[in-house]
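Student: I would like to learn how to read the features of a structure like this one, term by term. Could we begin with the ligand and what surrounds it?

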Amino acid sequence: MEKGTLFVVSAPSGCGKGTILRPILEASDRIYYSVSATTRQPRSEDVDGVTYRFMTKEGFEALISENGFFEYAKYCDNYYGTPKAPVFEHLENGDDVILEIETQGAFNIKKEMPEAVLIFILPPSLKELRRRLEKRGSENSEVIDKRMSEAAREISLAKDYDYVIINDGIEEAIEDFKTVCRIARLKNNTENIINEVLNNA
Ligand code: 5GP
């Protein structure tokens, strides 16, 4: 059976990742969205077990030592990690998997799995990103400043991703994302596609 494709999506918070991914996830039940574990405090829009699995630092570190994470990283003083088992179960079942993670985790995965497809979503500008974060109103100015400097650092790493998509208009960004997914699936499946033709003599 064809294995699924692993998509690793990064974007500084406020770039509209969620808005781009939502219709794509809703349109197919063959795409598994990996729910990360984190030690950060839940925000008002968070739902435990849906947006993140919220854990204590001790619980997270225990899972690290049990080798329970595919990857994990520290970001803005908190741990974030991808639980390992569900990712591999879904890929083996032929489902595509989407991870929404920061750059350090993305590059670690690319080293381990070169066939993973790295996609970076860019804001139209840093100025617009700050405006979106301030409008969200969920963090104080100190946290926003910290996230802005993280964003600038991460954007400078986007050149090493397989694809960058600019979120300057949501409809176009969604179309770009779908196009990238389609191309990546075709590329990952060339062998299966050829064999199907050859075996159908
Ligand atoms: P936020 O606190 O805004 O939800 O997420 C902060 C950053 O952590 C985002 O860039 C997000 O993509 C990243 N992140 C979320 N889950 C994971 C994960 O499991 N692993 C890694 N490496 N980063 C994650």
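Tutor: Let us begin with the term polar contact, which is a pair of N or O atoms within 3.5 Å; within protein, one atom must be able to donate a hydrogen and the other to accept it, and residues adjacent in sequence count only if both atoms are side-chain atoms. In this structure, a backbone N or O atom of glutamate 100 lies 3.4 Å from an oxygen atom of the ligand. Please keep in mind that this is a predicted model, in which local features need pLDDT of at least 70 and side-chain atom pairs count only at pLDDT 80 or more, while totals for chains, interfaces and linings use all residues. Residues are numbered from 1 along each chain as its sequence is written, and side-chain values use heavy atoms, with hydrogens and water left out.

Student: Which side chains have a polar atom 2.6 Å from an oxygen atom of the ligand?

Tutor: Arginine 40 places a polar side-chain atom 2.6 Å from a ligand oxygen, and an N or O atom in the side chain of tyrosine 52 is also 2.6 Å from an oxygen atom of the ligand.

Student: How much of the ligand's accessible area does the protein cover?

Tutor: Accessible areas come from the Shrake-Rupley method with a 1.4 Å probe, and for residues only the protein chains shown count as cover. On its own the ligand has 510 Å² of accessible area, of which the protein covers 97%. A residue is near a molecule or strand if one of its heavy atoms lies within 4 Å of it; there are 18 residues around the ligand, and Ser36, Arg40, Tyr52, Tyr80 and Glu102 come nearest.

Student: How should I read aromatic pairs, and how many are there?

Tutor: Rings of Phe, Tyr and Trp (its six-membered ring) pair if their centres lie within 6.5 Å, and planes under 30 degrees apart count as stacked, over 60 as edge-to-face and the rest as tilted. The count by this rule is 11 aromatic pairs. Phenylalanine 60 and phenylalanine 69 are stacked, because their ring centres are 4.5 Å apart and their planes are at 20°. One aromatic cluster is formed by Tyr52, Phe54, Tyr75 and Tyr80.

Student: Are phenylalanine 60 and phenylalanine 69 buried or exposed?

Tutor: Buried means under 20% relative accessible area, exposed over 50%, and partly exposed in between (1.4 Å probe, protein chains only). Both phenylalanine 60 and phenylalanine 69 are buried.

Student: What is a nonpolar core, and which residues here touch the most other members of the largest one?

Tutor: In soluble globular proteins, nonpolar side chains tend to be buried together. A nonpolar core is a set of buried Ala, Val, Leu, Ile, Met, Phe, Trp, Tyr and Cys residues joined through side-chain atoms within 4.5 Å. The largest one has 24 residues, among which Phe7, Ile20, Ile98, Ile119 and Phe177 touch the most other members. Helices (H or I, at least four residues) and strands (E, at least two) are DSSP runs, numbered from the N terminus; the elements that each supply at least two residues of this core include strand S1 (6-10), helix H1 (17-26) and helix H7 (170-188). The largest share, six residues, comes from H7. A second, separate core has 17 residues, including Leu91, Ile101, Ile109 and Ala116.

Student: What does serine 10 touch, and where does serine 10 lie?

Tutor: Contact means heavy atoms within 4.5 Å. Serine 10 belongs to strand S1 and counts as buried because its relative accessibility is 0%.

Student: Where is threonine 103 found, and what is in contact with threonine 103?

Tutor: Threonine 103 is found in helix H4 (residues 103-112), and counts as buried because its relative accessibility is 1%. Apart from neighbours within four places in sequence, its contacts include Ser10, Phe120 and Glu154. Threonine 103 and glutamate 154 are 51 residues apart in sequence, yet their C-alpha atoms are 6.5 Å apart in space.

Student: Which residue has a positive phi of about 65° although it is not a glycine?

Tutor: That residue is asparagine 67, in the loop between helix H2 (57-65) and strand S5 (69-75). Asparagine 67 counts as exposed because its relative accessible area is 51%. Cysteine 76, also not a glycine, has a positive phi of about 45°; cysteine 76 lies in the loop between S5 and strand S6 (78-83), and is partly exposed at 22% relative accessibility.
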